[in-house]
Amino acid sequence: MLALGLSIFLLIFWGALGYATLSLLHRQNSPLHNALIAPAVGMAATLLPVFWLNRAGIPVGNFGIPLTIALAATTATILWKLRPKFPWKDFLPFAAILLIALLLTGRPLLEFGFDWVSYGNQDLTYYVASADRFLHHGYLAEPGPAMAQGKDYTLNVYGMIYDGHRTGSDLLLAWVSSITGLAVTKALMPLIMAFLVAMISAAGALVYISSHSYWQALLVCVLVGASALNSLGAIYQLLAQVSGITLMVCLVAMMSGCFTPASTAIVIKRSVLAGLLTAALLIAYPEAAPFLGLTLVLYTVVGVWRQKIPTKLLTTVFAVSILSAVLATNLYLAGVWNYFRSETSSKVLKAVDPNEIIFPHYLVPKGLAGLWGLQPINAVLPEPWSSLAIAAGGVLLVTVLIGGSWLVWHGQATATTTIAMLGFGILLFFIRNDFGIFKLAMFVQPFMISTFVLVLIHGFANQKRSRFLIIVLLSVIGFINLHTQNYYVEISRGYISGGFVEIPRASPFRLYTKLENLMASIPSDNLIVDTPNVSLGGIQYLYTKGKRTVFPGFTTLRNRDKIVLKPGDSLENFDLHDRPQQSTQNEFIWADSQLVKTITAEKDAFLIAAPPQMELFNRWFHQSGDDSVATHFRSQSLQKIRNHLIFIPSSLGKHYFLDLAAGSSAEASFYQLEPDYFVPDGTMAGIGRHFLFQVLNPSEQVRFVLEMTASLKSDGENQLPPPAAIGESRQPFPMVGRGSARVFSPTLTPQVIRDRTYASIDMGVNGKTFPTVKTGLMRLYGNDIPSDNRKLVGFARDISLISEQDYLNLTPPASVSQFPADLMNHQLEYSGVYEDGWVSEAAFFSLAQPAPSTPLVVRGTVPAIGDSTFSTELKVLVDGQELARRTLQPGEFNLRLPVSGQGRHRVDLRFSQWQNLPDPDKRPVAARLAFLGFSNETN
């Protein structure tokens, strides 16, 4: 409740401050219009002094509380002296809508409080690092020795700040942290919810002109509050963008008032306010400035052409506004220009290879439905609903484009913004800039929705029947958006892995509180942090401050020709021992040599590893039978750690998040965790071909554990790869067949490269994208764009390294009969069986024979799939020796075979023929196992 209360407090504080500011500079405006834009104006009125003081070199933590008191006192003084009328009666319905909108999108704040992590997007890690830096340092203060000593990695953002990166939302986050005492991580979601509600409020002002447009404004607030994509931008933690678009909505809502003829004093006051808001926008989100500029140009050109805006008034407004914005931002403008130029050249106008598109949502027909919230952007509805949603989205878009153009000619500012944004979006669509259009679709929402309402009102609301149909249409759109919005919000709770969620179960895990407690409990100031999850690692940067820490897995090889090595770093090669192939070496960065030596030399050095629910590797060591272990960080003295794998990005195997913005997705070693289709509450990750690991304290002889599945590849083959484990030599895994496997490599000795030990896995084949099957209107365009561009060999459930003694201590089961439950027994080594019990041409199981007299039982069914003459020959081998051979027809079979000896045996099944299951399954199968193992039971 406190977290939600913080959002409400911020809205009330900004609302009061903004209304006082508007009473001073924009008093002639409608009171209700001022009340609607007041939170956005108050946000800007808070940001600017925070920016000025921090630019002067004062940490936000030193002035946050005094500044807040001063702003509150100034607000009270202005309101007391001017005594502006507040439209309580008219505003109350809006207040109710805003509160409901806050609850709809921000309800996880009630469940998780300040520990709501939402999607854990990597943008979050930049914002919290930047905010923490502003909290404790001046704006341009240089990093100092703490970063080089590994004691404060948040200072890494200095370069981006110096280059003019947008910082407004980060400064406000630092301010909220300073007045509440919360860590910046915990303050972020309440802050972004306040931004969102301020935007919804300002959206009502886009259409409110007088009491005649009261209901239109209410309707716009309702629809923008229900907008699925509007909420997605907030829960996606796009902090800068949400704050920036809020300010832009406010500026567009004020545009007509700024160009209304009035006395010189009033015009100057309005223009000063517009200039200050523009300055705040440039600090918060300069990427929105071109859209504001284009809107302004189109709006004023039409206004002058139609003689609605006097030239003198136009000149005065422009001159005063520009001067105010320049004075408020000063030298910061140079950095903004450099940042904007680099972003434009590197991202905005850059065409993308279809096979490297990461955000395909709006480059294919379903984007038309997603744009209007008629379906989630990361899902496809079944037919015919998918085609209906696409057609409806297309009609709505055309309606806005045509009707909006008419409104532009008639001087409607919000329609002008909509047409400018959608026009740029069409350009991005044709050059296939997936990232740009992905962002634009979210932030056009308040303008597009308000324009749509105006088009309907102006074009079709002259008759009672038309008004009734408009209400029905908008109600349907609103309710569908609420359903889609709920989908996005539910995912943000973190119980579902993959997709938008970068840190699985972070909110239920109470990640921020757990990290606080973990750091307080570790009796060491020397840490090695192993976190292959980049978003989680970025958060850990913040919580390891003050301790000497190294993150050995956080190196990058994005572009071989532009690598900048830190002092002590070097490029090294791992020998793949693959002479027939051209690539026999795998290059990687041997990083942080002096810092690593310093930390590892300390007897109290600790390793911190992520919980297994948050990472793919080293899961073997968490098989204790205690479910709570899965939600705990592994913190242990480095001297006690054995056989721990740290993923190292390399030239052949990169991290999907850190490296792929500038590389091929074919080089990704693994992707984010996602729900395991076959294992309740389990997770798995799509994997590529090459993995390189640093091994901490390896045993003399070690083995890789590789648990994976190809059952979900949907390619009609589902073939398991031929992986090899690589150390001082290259050893193939005993992997056979199709479906799933848990196999142990032969023993290997890791390679030693400059006093560190490394081992590798080569899956033996390159990854492939999933087949893309499109139906209905999804086939209209974009057919060459894969719905999933990941190039996958399969999905992994665990990659670990164990000692030879661990392997010898395995206690395999005597039989398997319950699928997939029995396959999840980590003491079982097997390969070549689908999780639901189907096997194809080859499979093996390592099973324990309890007594010499216990026979081997093989029971199952050969399916009848159309060909009544089908038969297959089954060979059963035990420890490599053929035990039996049978020809099987469709139907059940049951073999009881005597086996000599006792203890662990490898049981192989070999089928001579197999069939494909009917569409849409298509998996190759020979039989379905009902029971395999050693048993004296006759049934």
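Visitor: Which residues point one way from strand β7, and which the other way?

Guide: His644 and Ile646 point one way from β7 (residues 644-647), Leu645 and Phe647 the other way, and all are buried. Buried means under 20% relative accessible area with a 1.4 Å probe, protein chains only; strands are DSSP runs of E, at least two residues, and helices are runs of H or I, at least four, numbered from the N terminus. This is a predicted model, where local features need pLDDT of at least 70, side-chain atom pairs count only at pLDDT 80 or more, and totals for chains, interfaces and linings use all residues. Residues are numbered from 1 along each chain as its sequence is written, and side-chain values use heavy atoms, with hydrogens and water left out.

Visitor: Why two ways?

Guide: In a regular strand the side chains alternate between the two faces of the sheet.

Visitor: How many bridges join β7 to β11?

Guide: 4, and the strands run antiparallel; strands pair if DSSP finds at least two bridges between them. Ile646 has Gln694 as its bridge partner in β11.

Visitor: New topic. Where is Ser227?

Guide: Ser227 is in the loop between α11 (214-226) and α12 (228-235). Its relative accessible area is 0%, so Ser227 is buried.

Visitor: What does Ser227 touch?

Guide: Leaving out residues up to four places away in sequence, Ser227 touches Gln445, Ile449, Asn481 and Gln485, where contact means heavy atoms within 4.5 Å.

Visitor: And helix α15, which residues are buried there?

Guide: Phe291, Leu292, Thr295, Tyr299, Thr300, Val302 and Gly303. They cover an arc of only 160° around the axis, which puts them on the same side of α15; the arc is taken from the directions from the helix axis to the C-beta atoms.

Terms used:
Buried < 20%, exposed > 50% of the residue type's maximum accessible area, 1.4 Å probe, protein only.
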